[in-house]
Each structure stands twice: as C-alpha cells, then as structure tokens.
Amino acid sequence: MSDTPFGFGLPPEEPDDGDEGKKKDPQSGGGQGPANPFGFGAPGAGGFGGPGADNPFAAMFGSLNPTDLGAAFQQLGQMLSYEGGPVNWDMAKQIARQTVSQGTAEGSKDASVGPADRRAVEEAVRLADLWLDDATSLPSGAHSAVAWSRAEWVEATLPAWRELVDPVAERVGNAMGDVLPEEMQAMAGPLIGMMRSMGGAMFGTQIGQAVGVLAGEVVGSSDIGLPLGPAGRAALLPLNIETFGKDLGVSQEEVRLYLALREAAHQRLFAHVPWLRSHLFGAVDGYARGIKVDTGKLEDVVGQFDPQNPEQLQEALQQGMFQPEDTPEQKAALARLETALALVEGWVDAVVHAAAKPRLSSADALRETLRRRRASGGPAEQTFATLIGLELRPRRLRDASRLWASLTDARGVDGRDALWAHPDMLPTATDLDDPDGFVHREQIDFSELDKMLGEAADKPDLKKKDEGEGGSRGDDAE
C-alpha cells in the first residue's frame, strides 16, 4: 500500500517547484507536494511566485507580477466558490495543462504532432494489429490510431481519471461536512461549504499536477492497464516514445512497433470483453468505499480551522488522516483489484511477446525493459498510487504472464482467450500462486448457464403478459 493513500503531492521523481535538492518534510506523510497548496505566503522575498518562494500557487499562475494579481485573485475566488463535485476538475485540467507546458524535469517540451509522426503511428498500429491476429483469437479493437501530444493525452484521459478518483474524493468531502454536530451544521453552513470547496481545490491541484507529470512519461493510453482513452482509439505519444527509447540501443521503429503492439493488445481486450472495464472501475470504487476517515483528527482540524491559514487542511491531509480499513472486505477488494489488473497486464505481456518474438530482434530486451520499468515503480504505477491510494504489485504481473503463457501451451490461443468470456472463469490470486494447478483444472463452461439464465429472465414477462391478455383464453379452455 502507498504510504499516502491520497497522495497529496507529486510523484516521487518530481522535485518541488524549482528546487530539485529539496526533500519533503518527513512529518508530512504525503508526497513531495508543497506544504502550502494555495501560496498565501508574504509577497516579500520573492513571494507570489518570485525566486526563492515556496509558492505552489505558481502551479496555477506561474511567476506573478503586479499586472497578474487581478487574474490570480479572480481565480482564487473561483476556487473558493466552487460548488461542484468532490474534485475541482476545471482546476485539475488547467494545472495539468500548465504542468505539461512547463516541460519535464529533463527539459523536454511538449510539441504538436507533425504529419510524419502521425503516419508512423498509424502504420505501426496497423502492422501491430496484423501481427496480433496470430497471437490472440480476439479481433482488432481499434477502429482508429492516433498520435497524441502530451496536452492531447491530458484532454483525452481526464474523463477516466474523474471516474477513478471521484469515489475516493467523495469520501473525503463527506467527512469534512460530517464531523460537526448536526445542530451546529446549520450555523456552520458557510464554513462547511468553504471547507468542501478547499477540499475540491486540493484534490484538483494535486491530481492536475500528477496527471501533468504523468503526461510527460506515458507512451500510450493504457500504461497502467486501464482504458484511459476513448474506446476503440489506439493512441501513442511520439515524443515520449522517442524519450523512452533514447538510450536502449534499439531503433526507434522497433520501439514504436513494440509499444504499438501493447496498445493494440489492450484495445482488443477491452473492446471484446465487455464486462472488463466496469469490473476494473467497479473494483476501484469498491476499494474506495472501504476508506475510513480519522474523524477525531478531522474534528481537531475543523475546530482550529483558520480561513487565513488554509494550508493547515493540506498538512492534516498529509498526516495520514485517511487510511483503508483493515477489514476482510477491504482486503478482498484490494486483492480483487490487484489481481484483475495483473491479469490484464499479464495477458498483454504474453500476447505481445508471442507476436513480437519471431519478428523483432529486440523483443526480449524491450519486454524486460518494460517489466523493470513497472517493477521499479514506474511513473504510471506511482501516479496510480498517488491518486487512488493503491500500489500494484509487479510480482503479480510476472506471475500472471507466466500463467497465460502456460495456458497457451496447454489449451492453445482459443482456449486461453475463452477464459475472458466470464469473470468467474478467470484465475484468482491463489491461482497465480499455483499456475499449474489452474492450467490443468477442468474449467466450467458458462455458455449454457448464461443461456439458461437468459431464458429464465424472459419467462416472468411472458407469464405476466399471458395473465394480462390471455385470461379469457384460460376461461374458454375450461
């Protein structure tokens, strides 16, 4: 589990604003985000975004000068007057776009995708789909292939991030309003509203920063094993692919093609396993519902809340106020989600390797590079942990890949892929520990059961119709 279930800070590899040598306060319990999320520091000594200021408000406004103050305070008013859902997604989007425009820590700047890169991505996805036809029985799931800039990736994936993060943020927002006694809530209405606005702003700020940083690292729309982009659209980021393959000693064409295979394989799986997306997102929601709030600590914060010192909310959130419940139900929700994600990534790993191995001389090296990227806590996994409060276990990914490969040897491609027909047919966490036992176990055929259930579901409607319209026929028969 992540030490910061709600990760109010940047992913570990991202330094604090303008200070790469700065370390986070060990008492914060959070990520490397700034201690003052709204930047209400004194304007002297570089305040309001000037040199040397610890002013994360600059994430929203950049380096301010007096002519910018009007716009800055106007945006601050909009932040405090926010009355939407648990996350201020307008703020998240704005900060993500601004984070992208600032470039990565290595100095790489975003740029529009040119025609040559677009053609290269389209050709790579088309060829990847042809190769995958031999490696899986699932047909192509991509009706189009697109090349995205980092900013375009942000725009396209924010709806999925919203679906993932809102369940967690809602728990926080509700807790902020529930800590006061009921008789006091009517009198404290403005304060509660302000706190919820601040909570939505804090989530929006941190999510925007995290998504913006992630946009500088991802190579496609499915790096974390979830369908973040629009359905049926295979997407690659040429600029990030170039950065990824820079020091690998492999041609850019092979790197692009291997990553296109992974993207196209994800598209096939999510397009032709209709229950999979809702299963994964439902598992995230189920996990989020098991989050509990330390109401005692939150009551202390509310009792001492100073509107002129809003960063105290941020500090309290960073000090472990929100933790997953240590219950059998929560452990089961976590295991279900981790196993489902491992099965998706393991299947993609096995299928892509089968398609690439005979055709790409660098297939083994690229496979191991991507595995190590995940095992070392790559940016996608770290951001997922930051936003959802969950860390994937890379060991499960390797176990799942081995299990799918064993299933291919024992049952063939069709037999392996048939397991995606029903969620109850998939391997469990226990099966990942004993892949041989699962591979040689007799599998249940759910097709007849589904047919019987469908017929049974239709019968009550037919009976009701007969009773409503055919009563006279029954009397005539008698």
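Figure 1. At 16% relative accessibility, Val250 counts as buried (buried is under 20% relative accessible area, exposed over 50%, and partly exposed in between, with a 1.4 Å probe and protein chains only). The model is predicted: local features need pLDDT of at least 70, side-chain atom pairs count only at pLDDT 80 or more, and totals for chains, interfaces and linings use all residues. Residues are numbered from 1 along each chain as its sequence is written, and side-chain values use heavy atoms, with hydrogens and water left out. Val250 belongs to the loop between H8 and H9 (helices, H or I of at least four residues, and strands, E of at least two, are DSSP runs numbered from the N terminus). Ala365 is 115 residues from Val250 along the chain, and 9.0 Å separates their C-alpha atoms.

**Figure 2. Helix H9.** Of the 21 residues of H9, 17 are buried, so the helix is largely enclosed by the rest of the structure. At 1.5 Å a residue, its 21 residues should span 30 Å, which agrees with the 30 Å between its end C-alpha atoms (the expected span is 1.5 Å times one less than the number of residues).

**Figure 3. Aromatic cluster of Trp275, Trp347, Trp404 and Trp420.** These four residues, Trp275, Trp347, Trp404 and Trp420, form one aromatic cluster. The whole structure holds 3 aromatic pairs (rings of Phe, Tyr and Trp, the last by its six-membered ring, pair if their centres lie within 6.5 Å; planes under 30 degrees apart are stacked, over 60 edge-to-face, and the rest tilted). One of them is the tilted pair of Trp275 and Trp420, with 6.4 Å centre to centre and 35° between the planes. Trp275 is in the loop between helix H9 (252-272) and helix H10 (276-288), and Trp420 in the loop between helix H16 (394-417) and helix H17 (429-433), so this pair ties together parts that are 145 residues apart in sequence. Trp404 and Trp420 form a stacked pair, 5.3 Å centre to centre and 15° between the planes. Trp404 lies in helix H16, 16 residues from Trp420. Trp275 and Trp420 are both buried, and Trp404 is buried as well.

**Figure 4. Arginine charges over phenylalanine rings.** The charged end of Arg277 sits over the ring of Phe281, 4.1 Å from the ring centre (NZ of Lys or CZ of Arg must be within 6 Å of the ring centre and within 35 degrees of the ring normal). For Arg411, the charged end sits over the ring of Phe438, at 5.9 Å from its centre.

**Figure 5. The second largest pocket.** This pocket contains about 510 Å³ of space (on a 1 Å grid over the protein atoms alone, a pocket is an open set of points where a 1.4 Å probe fits, with protein on both sides within 12 Å along at least five of seven lines; lining residues have an atom within 4 Å of a point). Its lining has 22 residues, with Thr104, Glu106, Gly216, Glu217 and Thr243 nearest the centre. Helix H3 (89-102), H7 and helix H8 (238-244) each give two or more residues to the lining, and H8 provides the largest share, 4 residues. Glu217 is in the loop between helix H7 (189-215) and strand S2 (233-236), and at 26% relative accessibility it counts as partly exposed.

Technical notes. Grid points are joined across faces, edges and corners, and a volume is the space filled by probe spheres set on the points.
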